[in-house]
Amino acid sequence: MLAVAACGTTEAPKEQSTGADIKVTDSRGEQTLPGPAKRVVALEWGLVENLLTLGVTPVGIADIKQYNVWVSAEPAPTSVKDVGLREEVSLDAVAGLDPDLILATTSGACGKPLPQFEKIADVLCFDGTDPNGNLQHMRDQFTAVAKSVGKGAEGDKVLADFDAKLADGKQKIADAGLAGTKLAGAHGWTDQGAPVVRMFGKRSLGSDVAEEMGLENAWTGKSDDWGLAMTDVEGLTKIGDAQFYYIAPVDNIFETKLPKNRIWQNLSFVKKDQVHKLDGGTWLFGGPASTSQFVDELVAALT
């Protein structure tokens, strides 16, 4: 749940009008904006990435320092104003930027704090995930962001380029004789000194992309609405013979703690040297830029 930092703003909603209205679909349905947004604050990293892909630099970003650690496909200029943590956004900081649009998620600013943000600017709300298909969800969200900043045509081209990248990746996997290969992927870190692994299960964006490339998710355990599943080292024994990739920009247990663990040492994919380190900034909750990066990373690792 998002906690909003203290703010004294009581501004009335902005009345901007510089052109024809724009219809954009967010998690609440069709929204009307008075024209292409010029000053945008983005409170979730995937939304930040989408703006940067479209050539739009946000005036404000939540937790820009960590964004640039976890998202390498579209680095954010460090000159952009940081408006607080994603879980604790400063209303004062957002209001001080005089935005005409705020991009947020239903689990964050679009929850209870929404009326306060709507006093500052128009707000578009997006679900962070869609269990029915995160790849299509990524496309739909990117399209909405593109429309909101008057970059619909540019957005269409980005998605067309992504689809071509995905098809090319699938062909390369097939040409290497790897179609149907079982693949498992994870994040990892330590919690109170113990290694913790978060698997990209079925319905995750990473799994959706890999399956489109002709690969099969080797993790068959239960997952949440994001397609994620928490496990420990022993849980990895359920994967069996598969290719295994990991993403760990910080606290890389796959290079520090796990190599000393006997269970890890005896996993089939470890014994067969089928463990692949991807770029730590491969953000599998992002848009076309990060998913294109993921396609390239997988092709390079497996072929």
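Reader: Why is the crossing of α6 and α10 called left-handed?
Author: A crossing is left-handed if the near helix is turned anticlockwise from the far one by less than a right angle, and right-handed if clockwise. The crossing of α6 and α10 falls under the left-handed case. This is a predicted model, in which local features need pLDDT of at least 70 and side-chain atom pairs count only at pLDDT 80 or more, while totals for chains, interfaces and linings use all residues. Residues are numbered from 1 along each chain as its sequence is written, and side-chain values use heavy atoms, with hydrogens and water left out.

Reader: What makes α6 roughly parallel to α10?
Author: The axes of α6 (residues 152-175) and α10 (residues 288-302) come within 10 Å and cross at roughly 15°. Therefore α6 counts as roughly parallel to α10. The classes are set by angle: under 35 degrees is roughly parallel, over 145 roughly antiparallel, 65 to 115 roughly perpendicular, and the rest oblique. Axes are lines fitted to C-alpha atoms, for helices over the stretch in contact, and the angles run from 0 to 180 degrees between N-to-C directions. The helices themselves are DSSP runs (H or I, at least four residues; strands are E, at least two), numbered from the N terminus.

Reader: Why is α5 called roughly antiparallel to α6?
Author: α5 and α6 pack at about 155°, with their axes 8 Å apart. That angle therefore puts the two helices in the roughly antiparallel class. Their crossing is right-handed. The contact (heavy atoms within 4.5 Å) is made by Leu135, Met138, Arg139, Phe142, Thr143 and Ala146 of α5 and by Gly152, Gly155, Val158, Leu159, Phe162, Asp163 and Leu166 of α6.

Reader: How do you know which class the residues of the contact of α5 with α6 belong to?
Author: Ala, Val, Leu, Ile, Met, Phe, Trp, Tyr, Cys and Pro count as nonpolar, Asp, Glu, Lys and Arg as charged, and the others, Gly among them, as polar. On that basis the contact of α5 with α6 divides into eight nonpolar, three polar and two charged residues.

Reader: What makes α1 oblique to α5?
Author: The axes of α1 (residues 45-53) and α5 (residues 134-148) come within 10 Å and cross at roughly 55°. So α1 is classed as oblique to α5. The crossing of α1 past α5 is right-handed. Leu47, Asn50, Leu51 and Thr53 in α1 meet Gln141, Phe142 and Val145 in α5. The residues of this contact are four nonpolar, three polar and no charged.

Reader: What lies closest to the centre of the largest pocket?
Author: The largest pocket has a volume of about 770 Å³. Among its 35 lining residues, Glu44, Arg86, Trp226, Trp283 and Phe285 are the closest to its centre. α1, α2 (64-70), β8 (101-105) and α5 are the elements that give two or more residues to that lining.

Terms used: 1 Å grid on protein atoms, 1.4 Å probe; cavity = no way out; pocket = protein on both sides within 12 Å on 5 of 7 lines; lining within 4 Å. Points joined across faces, edges and corners; volume = space filled by probe spheres on them.
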